[in-house]
Structure formats: C-alpha cells, structure tokens
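Please walk through this structure from its overall arrangement down to its individual strands and helices.

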Amino acid sequence: MITFHRFTLPNGLKVIFHQDKTTPMAVVNTLYDVGARDEDPNHTGFAHLFEHLMFGGSVNIPDFDAPLQRAGGESNAFTSNDITNYYDVLPSQNIETALWLESDRMLSLAFSDKSLEVQRSVVIEEFKQRYLNQPYGDVWLELRPLAYQVHPYQWATIGKEISHIEQATMDDVRSFFGSHYHPGNAILTIAGNYENNQIEDLVSKWYGNIPGKKKGARILMQEPPQNEYRTLTLKRNVPASAFYYAFKMSERKSEGYYIADLLSDEVGKDKSGKLYLSLKKDKALVHEINAYILGSLDEGLFIVSGKLMPGKTFEALDAALWEVLETFKTTLISTPDLNRLRMKAKTSKAFQEQGLLNRAMNLSFFELLGDAHGINEEEAIYNAIEACHLQDYAKSLFNPSNCSRLFIESETN
Amino acid sequence: MTDTINRSQAPSVSLSNDINYIEPERHLTPAGVPVYLMRNETSEAVKLELIFDAGSMYDEKPVAGLTTGMLLAGTADKTMAEINDMIDDHGGYFNASVSADYAYLNIFGLNESMDQLVPIIEEALYHANFPETELIQLKAERKQHLMVSLEKVSTLAQRGLQEHLFKGTPYGRINQPDDFDGVTRTDIQAFFETYFKKGLRKINWVGNPSAAQLDRILQCFARWTKEVKPLPPINYTPSIERIEVKKADAVQTGIRMGKILFDRSHPDYHKMTVVNTILGEYFGSRLMSNIREDKGYTYGIGSYLGENQSNGYFVIATEVGNEFLADTLVQINAEIERMRTQLVPQDELSLVKNYLSGQFLRSADGPFAMMDLFTMVEIRGLDYSFYQNALSTIEEITSEEIMETASNHLNSEDMLIVTAG
C-alpha cells in the first residue's frame, strides 16, 4: 500500500506528496501531460527535443544542472509518445533547490539560441546513435507508420526524420512551451521525509504565483479500425533476419489493457511458454522470441518479435507462429498457468515499489490516468482476470486483420 | 507564505556526510561459505545473489558464459521447462550473468516463497546436466548475439580497448563468433564441477527471513564449497598506440581511450575519484560541457574508473558523428591537459564536492543499494571505512592536490586510443 496526500493549487497544479520517514533523500517528479502524440506531423521529435531544452536555463536561472549539483542533487528526464517526465533526486534538506529550479522552468524558459542550436545537434547525434547506427535501430521508424495510418503514434519520440529536428525554430519552441508547459498541464509528485503541511507550504511558495492557464483540449487523429493484414519486408545489412508482429490492443485505461498485459506474459513466457517451446525448442526456427506490450495511453501495440535461425524461412516461421497463437484462442490456459501469472505479477509489484523515485514516478503516472489510488488497485485487477478473459481477449487480438507484420531480411544470409 | 520570493537567488543548501552504512548480518553455510544478510524490513521483496569464482578469465574458450547460461537448463529427471514452471509456481524470477572475474545467479521473490523457491533452484543447479540440445541452441544464440553486437561501433571500440589494454592477460581475451563452436558439453561439465560446485564465493541476501527460514536456507547450500584459489598477480603490459577499427557505412565513430591505473586500495584512489568526476563522470563534467553541451558532437561522453580482481583502469568513452572525430580527440586531450596543468576553480570544486556528497547519499538508498555498496568493498577485501575515507578525502581535497593527482596519473601520451567507425 503506497500512501499519499493530494492537493491542487488555485493555478491548477496537481500535487501528490508521498511520505517516507526512512529516507534521507527527496524526490521531486514533474510529469507534463505532453508527448510525441501531441506533435504536428510536420514537426515531429519536438516533445523530446524540448525535453533537452528544459535543461538549458530558465527565465531567472541561467543553468539548470549546476545549482542542483551544488545541492548534492541529480536530475534527468524522459519523453514517451504520451508524456514528458522530469525528476530530481537530492538530499532531503535541500528540497527547496529542486522546487526553485522546477518552478522557474515551469514559469518560463530562457529560450537561448545557443541552447537550441546545440541541443538540435545533440538530438541528431542521439538519432544516429540509437536509430541509424545500430542493427535493427530503424525498426520502430518503420513499424509505427505501418500500424498507425493516422494516429500520431505513427512516429517515434525521436521523430520521423532528422530534418524535422534540423528545422525546429525558436518560434516553434516558444509556442510549444506556451501550449504544454503550465501548472494545469503538470502533476508534481514529491517524496521524502516531510509532513503534509510542510509540503503544502513549500509548493505554494514556489508554484503559487505561476499563472494558471486552461488545459488545452486534446484532439488527436483517431485511428480507424484496421480491418486488414499489413505486411512489409525490408532488406537490411543485419546478421539475422528479424520479425515483428504488432497487434492493436486496448488503451491504457481500459480493463482490456490488464488482460493484454497478462496475456503477453503467458505468450512470451521464456523457457516454458508455448511459443518458446514450439518455435525455438521443437522446430528450431528462431534464436529468440518475445511477447510484450507497449503500454500506450491510446490504443497500443501487442508485439511478438524475434530473430530467425540461419537457413530458416519467414514462411515457415509465419505458419508456425500463427498456429501457436491460434491455440490461445481455442484453449483455456490451465489453472496452474494462471496461478503462475498471478504469482509473478505479485512479485513484480513488490519490486516496482522499491525505491523512492519509482514510487514517485508511478504515483504521477496513475494520477495522470485519473487517480493516484490506482497504484494500489492493480493487484486486485490482475487477480480478477480469469482464463476465459485471456481466451476471449486472444480471440479478438490474434487476427491477421488486426496485425501489422514487419520482416527485416538479412542481406548477409 | 510570502508572495515575494526572489527567484534569482538560489535557496541556501547544506550537505551532510552522515550516511548510515548498515552492516549486514554475517552467517555461514554448513560448508563455510559466507552469507551476508541485509534486512529489508519495509517490503516483502527478496533478492538472493549467489557469487561464484567462475568468471570468463578461468577458461580460454567462452565456457564460463555458456555454463552460466545453462545453469537451470535441465537435470536428469527435469526439463528446463519443468524447472521454470516450478519457479513460476512460487512467483520467482532468476537471472544469471558472468563477468571476467565472477559468475552470478540472482534469485528474486517474496519472503513467503523463499522456503519453496530456494530448494527448487538449488536442486536444479546442483544436478544441472547441461543437455546437448540446449547447448547447441545456446551456442547458436550467443554466436548470433555477438554478431549483432559487432555491428555496433561502441562494441567494436570497447573490444579493441579490452584486447589492447589487457594484452597478454586473461582479461584481454575477446571472443569471436566462431569460438562458441569449439565448446563441448564436456568442457561445460568440467567447468561447472570446478568453478561452480567448488567455487561458491559468497551469498548476498536482501530479505527478512525468520530465524527458522534463515537456518533452512543456509542448510540448503551445504554441498557447495569455496575452494577456488586466488589468481597469481598479473603483470600488465598494455600497448600504447592508436588502434583504428574499420566499420563500413557507420555514421558515428566509437572512441575509447584508456590506461591501466590502480584499484581501490591505492592511496590516491579517492583523489582520483574527484579528478575523474570533474573530467567526465557527471552531467556537468568538463567532457560533457565541452563536447556535448558546447559543441553538440555527441549524445554522451564520459569517463570512469574500472576495476577487476587484479587491477584498476581508467577509460574515456563516447560515440560521435564521424565529421566530429578529429576535433573530439583534440578536445579530449585539451581537457586532460587542463586537468594536469591548471588549478580547478573554487566554484567548480565546491560544486563537485557537493555533487559527490549527494551521490554517496543517493547510492545508499534502501537495502538493495546498501547491499551493493557492501559487496563492492567486501569483494576487494575492504569495508565501509572505504566510503568514510572517500567522503573525508572529498571534503578536504584542494585544487592543488587535484592538479597533482591528475598530473601524476593522467597523461594523453600513455593512453591507448581506439576508434571504431
């Protein structure tokens, strides 16, 4: 059970305080409700580029990192298709340093030309390092537009192409900040050894006079029902052929999300799962095979992926894979298998709750979903899932008309 | 609360080096293997880490890695799938990994499941029979994994560094894809008998067992002994040269620079920690500030002090756009030279001291982190005074001492440089 105290400032900032009396550290986690899905299709990669710029100085403070480091603290951030999340971890007694820095960059950025120029270059190097200069690095740049024809999940957080980052202007930066970076679009979570009233006072002091803005309505392009099997084969200079089957799955807030999550654990079970035993052990078609979900807020993807053994064909793989997926539709998983899934979910939960930073980030995320209390309700949701739910879900999931399939064919084999 | 806050004025800060380093409980298995227990009183989460003297340096072929990968791959009467199902029944997870020095088997679960989980794993481990079919598949998998890795300039540069820095020693051996073919089941069985069954160095346990559970788990490991002899001292003769590894079509170049240095027991180690931090260990370091934040040549650059059982070393690592390679090398050398010849300004020094003090505090957060801190010093024959000494050295060090330390131990001319791209 993770406990917290929640309040909202008049300017719209939602605040969650999680007390931990055992820690000498404080965590200040700021989640902004903006991700790559909120970008203009012609200016992609912007939420992520912007995350970099948030470290380039704010209206009253020339440099973000140095004052935090001077307070013994450290900071980082990440951008997903849905959110941008910033966190600071520092000695408890210096928490005001983090609140000072975070509130100032919520108030306004410095918008320096030099910072924009350098971070454009840094992000272009990141693009090269992670997406271009790695075997299979471009898979998500290819698979997303195959699976999503109109929804902005069709591009990765790094952006569609390097030119979008190269073309980012200071006007774009200002306008992006104005739309998305304000108290009403943020969830501030603080964790540490304090009392409720201390946190209320500190947050009012540093954030109270940031002007509130109305949270903009989010109107995203809605992905129409897929109703077709989409396939793409690309040749690449990679050591092994790889395959990616992406099935459309339920959005994060729905019950189906949890069923899909548990189903992915069963389908992707290493060493003893049906896919592993059939495709790897019995037929020796693959080196590796996995199943996992992308936990997206909107309709997401359930992925089955892996790499072919040399000399094996995509045709043989495809037939064998669909055959195994079909069994999840036609048979109920056994009671022992269901219990294993629940037991493992219970252990995972205990480990996810380790560490102050994890708890703070998760509280923010559940608050974004609608209620931070959700963090304590997940176990009951997983335990209520029965074998028939998994089977019914598999029936709607594992159909060619719900699938986008990408083959990366090795040119060297 | 007052409405008039001065946002241009940083709040005052204070630092404390008062970190509560918690000693684990010390127990022994019936065979005399040490078991260190760090109590986790706030959560039911448990980690049991078995550390074996079974690192990759003990065999010229890639035997250690393959053995480690097959520890729970079957016994005479149970298949790998059956063993995994039994572990899953109790909500357990495990992973196994290997470094040059040690092999690790980590078991994760809850306090309530340890009494079932540990005997299942111990039994499967002790009777591991390394089925031929599993070995064939694992070899193919590892070979392909390596081939994928060899497509990355970061891997190519890192391997070049390892090969040339540790030349002629067990640490300098690097595997080629075909090396996996030569490993037989007999090699693996022999390695397991010698380095695992007789090489259980210690067990680290984060959890909260009852006295009875503690006793049962200790009994569980009665048949594992600790008999592997320590290594003879290794004499390093690194080649100091410029190595260029070619990789067609790469858009970035991997860079590694390194030299043999010293380990944690050296009197200058803590001072060198400060030098390393200023140069390349944190986000505001000189290498990051210059090469990423000023010039935008890279997504990241850093330096670190590495260590194995017989020595320590210093490394600078980055990947940069090909067009920036030449100037990056110039800038790295300039930053090293600046560390050696110019005093660190007071402002930067005080920032780094505070940052490091916070870093020590952050690294001590919770029982899992505390166990890591303990084992990092224990495995080198040291104790928590290592951290206390580090904190006082950091607090007292002067700009003059930093320059002297850098000047004594860092020099561009005696560094191996590897580029891959």
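The paragraphs below treat the chains, their domains and then some details of chain B.

This is a predicted model, in which local features need pLDDT of at least 70 and side-chain atom pairs count only at pLDDT 80 or more, while totals for chains, interfaces and linings use all residues. Residues are numbered from 1 along each chain as its sequence is written, and chains are lettered from A and ligands numbered from 1 in the order in which they are written.

Chain A holds 15 helices and eleven strands; helices (H or I, at least four residues) and strands (E, at least two) are DSSP runs, numbered from the N terminus. The radius of gyration of chain A is 23 Å, close to the 22 Å that the globule rule gives for 413 residues, so chain A is as compact as a globular protein of that length. That radius is taken over C-alpha atoms, and the globule rule is 2.2 Å times the number of residues to the power 0.38. The C-alpha trace of chain A spans about 65 × 50 × 35 Å along its principal axes.

Chain A is assigned domain 1 (5-207) and domain 2 (230-410), with bounds that come from an automatic or database domain assignment. The C-alpha centres of these two domains of chain A are separated by 29 Å. Their contact takes 29 residues from domain 1 of chain A and 26 residues from domain 2 of chain A, where two residues are in contact if their C-beta atoms, placed from the backbone, lie within 7 Å. On the domain 1 side, β2 (14-19), β3 (25-32), β5, α5 (139-147) and β6 (186-192) of chain A each supply at least two residues. Of these elements, α5(A) gives the most, with five residues. By class, that side of domain 1 of chain A has 16 nonpolar, seven polar and six charged residues. Here Ala, Val, Leu, Ile, Met, Phe, Trp, Tyr, Cys and Pro count as nonpolar, Asp, Glu, Lys and Arg as charged, and the others, Gly among them, as polar.

The two chains also meet each other: 60 residues of chain A are in contact with 60 residues of chain B. The elements of chain A that each supply at least two residues to this side include α3 (95-107), α4 (113-132) and α12 (335-352). The side of chain A that touches chain B divides into 22 nonpolar, 20 polar and 18 charged residues.

Chain B is assigned domain 1 (25-220) and domain 2 (242-420), and their C-alpha centres lie 30 Å apart. In chain B, 19 residues of domain 1 are in contact with 26 residues of domain 2. The elements that give two or more residues to the domain 1 side are β2 (34-39), α5 (153-165) and β6 (200-207) of chain B. The most comes from α5(B), with nine residues.

Strand β2(B) has pairing partners within chain B; two strands pair if DSSP finds at least two bridges between them. Four bridges join β2(B) to strand β1 (residues 25-28) of chain B, and the two run antiparallel. Leu28(B) has Pro34(B) as its bridge partner in β2(B). Five residues lie between the strands of this hairpin, and Gly32(B) takes a positive phi near 90 degrees there. With β6(B), β2(B) pairs in the parallel sense over five bridges, and Met38(B) has Val206(B) as its bridge partner in β6(B).

Another part of chain B is an open sheet of five strands in the order β7-β11-β8-β10-β9, with mixed pairing. Its edge strands are β7 (242-245) and β9 (298-307) of chain B, each of which pairs on one side only. Strands β8 (residues 252-260) and β10 (residues 312-321) of chain B pair in the antiparallel sense over nine bridges, and Lys259(B) has Phe314(B) as its bridge partner in β10(B). Helix α5(B) packs on the sheet, touching β7, β8, β10 and β11 (416-420) of chain B, and its direction makes about 25 degrees with that of β8(B). Angles run from 0 to 180 degrees between N-to-C directions, and axes are lines fitted to C-alpha atoms, for helices over the stretch in contact.
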